[in-house]
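Visitor: I would like to go through this structure with you step by step, beginning with a single residue and its surroundings. Could you show it to me?

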Amino acid sequence: MRWVLSKALRKKGFSVDLARDGEEALRLIQSGDYDLAILDIKMPGISGLDLLDRVKELKSDLLMVIMTAEASMKNAVEAMKRGAYDYITKPFDLDVIDAIIEKVNRARELTSQMSILREELKDRYLLEKNIVGNSPAMREVYKTIGKVAPSDVTVLVQGESGTGKELIARAIHFNSKRIGKPFIALNCAAIPKELLESELFGFEKGAFTGAVERKLGKFEQANGGTIFLDEIGDMPLDLQAKILRVLQEKEVTRTGGSQNIAVDVRIVAATNQNLEELARAKQFREDLYYRLNVVPIHLVPLRERKEDIPVLVEYFLHKTCAELEVPGRTCSPETMALLTAYSWPGNVRELENTIKRAVILSSDPLLTPADFPGLRIQRTGDAVATDELSLEALVDMKLRASLTNLDKMETGDIYNLVLKQIERPLIRFVLEKTRGNQVKGADILGINRNTLRKKIQELGIEIRRD
């Protein structure tokens with residue numbers, strides 16, 4: 001029986017190992033990686049049913065088929081109760097084995113798809129938490145994602161390094177009809193030019209030295225799903241022509257191969273360069289640029305959406321503390337003012353790394369400007385202090401910082417807390433406008449001059465007289 005089954009299965013291209021009893025089968029299963037095990041119920045030593053129990057403990061995902069010459073209901077019920085995938089009785093035609101293997105293949109494919117779907121749903125949940133910001137610029141990005149995601153149009157995401165282009169690409173995929181299919185990302189600038197083609201399109205065995213077996217390229221791996229081509233502006237011109245062919249013909253050819261392989265892939269590309277200018281300079285194919293730029297999404301740098309910084313800071317503090325399993329951290333109002341005033345040339349990525357570094361190096365639950373020694377605020381080329389920010393900006397930052405943990409405040413705390421945070425910048429601002437004239441300042445503030453003098457002393461405000 002073993003000889004007949006192995007010969008038939010090997011003819012169909014399967015790799016088959018044989019075991020003469022349950023103990024030998026256990027040794028093989030422990031050391032190997034199998035898709036299917038066919039077990040007889042009556043064997044020397046361990047019975048097929050007992051072997052089934054032992055295998056389930058070792059490899060719970062291994063599918064097992066029980067066969068027996070005793071076609072009793074008891075055997076069938078017992079086999080299925082113990083987790084057998086199927087049950088067949090001897091004698092049987094080889095067509096029965098073929099049918100079972102076909103079922104196994106379908107089950108494997110379904111399991112794989114479900115696994116991908118579970119991971120993508122998990123990623124989608126995390127992604128929705130990861131894309132942070134409610135500025136007008138980000139709201140426009142969200143609206144565009146909602147419009148383009150259901151279709152299969154090609155999208156070009158443009159923005160400086162660190163603005164979150166891959167997050168946007170994933171958001172498009174996870175909100176499309178392709179969810180449950182692969183999302184494959186490739187950074188075109190991170191792979192040497194001579195290897196990029198084989199990464200994209202794969203290669204056949206023997207195509208070049210070192211090609212000891214066939215390898216599927218990213219386009220084949222992404223079949224049915226989405227491929228994200230990051231930094232596409234760095235792609236060589238000869239490869240750009242092949243990407244254009246994929247867009248037009250929806251097929252690829254492996255390196256060293258002659259067969260055209262159909263692929264159904266949505267392309268989302270990204271760049272931190274101006275592709276239109278590169279196309280005019282003949283450094284990027286103009287026809288590919290227009291095929292990629294069907295729907296453009298522009299991500300503005302963080303310095304142009306500073307109202308999102310306090311929200312991002314709180315998000316990264318929570319995320320970092322959870323990852324590092326350390327007590328929570330908060331930023332003082334002065335720290336939040338510093339972080340909001342900084343220009344962040346590295347954008348959101350730099351902000352995240354800066355927050356992570358501060359959390360690691362500081363043991364104090366309250367982060368102060370001293371925890372961010374590398375930040376230098378620039379305005380019109382000159383260094384300025386954080387307390388020289390506009391009143392509107394500073395008060396807004398302090399209010400945001402004060403109200404971040406609103407749900408944790410004790411009853412009656414909020415008035416004094418908020419008042420304390422905005423009182424000093426408000427008085428300083430008014431005194432600057434009155435050039436240090438306390439009488440005029442008190443009138444503008446609507447308080448008694450003695451009250452103003454007391455506040456100046458309490459808050460340590462320096463009077464600058466003109």
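Visitor: Which residues does Ser-362 touch, not counting residues up to four places away in sequence?

Guide: This is a predicted model, and in it Ser-362 sits in the loop between helix 15 (347–361) and strand 14 (366–367). Leaving aside residues up to four places away in sequence, the residues that Ser-362 touches are Arg-329, Leu-367 and Asp-371.

Visitor: Is Ser-362 buried or exposed?

Guide: The cut-off that matters here is that a residue under 20% relative accessible area counts as buried. Ser-362 has a relative accessibility of 8%, and therefore it counts as buried.

Visitor: What is the order of the strands in the open sheet of three strands?

Guide: The edge strands, each pairing on one side only, are strand 1 (36–40) and strand 3 (86–89). Neighbouring strands of this sheet are turned by 25 degrees against each other on average, with direction ignored. The pairing is parallel, and the order of the strands is 1-2-3.

Visitor: Which residue in strand 2 is the bridge partner of Ile-38?

Guide: Strand 1 and strand 2 (residues 63–68) run parallel and are joined by five bridges. Within strand 2, the residue that partners Ile-38 is Val-65.

Visitor: Which helix packs on the sheet, touching strand 1 and strand 2?

Guide: The direction of the helix in question makes about 175 degrees with that of strand 2. The helix that packs there, in contact with both strand 1 and strand 2, is helix 3 (residues 48–58).

Visitor: How are helix 18 and helix 19 oriented to each other?

Guide: Helix 18 (residues 438–445) and helix 19 (residues 449–459) pack with their axes 9 Å apart and at an angle of about 105 degrees. Angles of 65 to 115 degrees count as roughly perpendicular. Helix 18 and helix 19 are therefore roughly perpendicular.

Visitor: How many nonpolar, polar and charged residues are in the contact of helix 18 with helix 19?

Guide: Helix 18 contributes Gln-438, Val-439, Gly-441, Ala-442 and Leu-445, while helix 19 contributes Arg-449, Leu-452, Arg-453 and Ile-456. Sorted by class, the residues of this contact are five nonpolar, two polar and two charged.

Visitor: Why does the pair of Lys-177 and Asp-152 tie together parts that are apart in sequence?

Guide: The side chains of Lys-177 and Asp-152 meet in a salt bridge, at 3.8 Å from N to O. Lys-177 lies in the loop between helix 7 (165–174) and strand 5 (183–187), whereas Asp-152 lies in the loop between helix 6 (136–148) and strand 4 (155–159), so the parts tied together are apart in sequence by 25 residues.

Visitor: Which residues are linked with Asp-152 in a network of salt bridges?

Guide: Asp-152 is partly exposed, with a relative accessible area of 35%, whereas Lys-177 counts as exposed at 63% relative accessibility. The residues linked with Asp-152 in the network are Lys-177, Arg-178 and Asp-264.

Visitor: How many residues apart are Glu-199 and Lys-215?

Guide: The side chains of Glu-199 and Lys-215 meet in a salt bridge, with a distance of 2.9 Å from N to O. Glu-199 belongs to helix 8 (residues 193–201) and Lys-215 to strand 7 (residues 215–216), so that the pair links distant parts of the chain, and the separation is 16 residues.

Visitor: How many salt bridges does the structure hold?

Guide: One of them joins Arg-20 to Glu-24, where the closest N and O atoms are 3.5 Å apart. For the structure, the number of salt bridges is 22.

Notes. Residues are numbered from 1 along each chain as its sequence is written. This is a predicted model: local features need pLDDT of at least 70, side-chain atom pairs count only at pLDDT 80 or more; totals for chains, interfaces and linings use all residues. Side-chain values use heavy atoms; hydrogens and water are left out. Axes are lines fitted to C-alpha atoms, for helices over the stretch in contact, and angles run from 0 to 180 degrees between N-to-C directions. Helices (H or I, at least four residues) and strands (E, at least two) are DSSP runs, numbered from the N terminus. Angles under 35 degrees count as roughly parallel, over 145 as roughly antiparallel, 65 to 115 as roughly perpendicular and the rest as oblique. Contact means heavy atoms within 4.5 Å. Ala, Val, Leu, Ile, Met, Phe, Trp, Tyr, Cys and Pro count as nonpolar, Asp, Glu, Lys and Arg as charged, and the others, Gly among them, as polar. Two strands pair if DSSP finds at least two bridges between them. A salt bridge is a side-chain nitrogen of Lys or Arg within 4 Å of a carboxyl oxygen of Asp or Glu. Buried means under 20% relative accessible area, exposed over 50%, partly exposed in between (1.4 Å probe, protein chains only).
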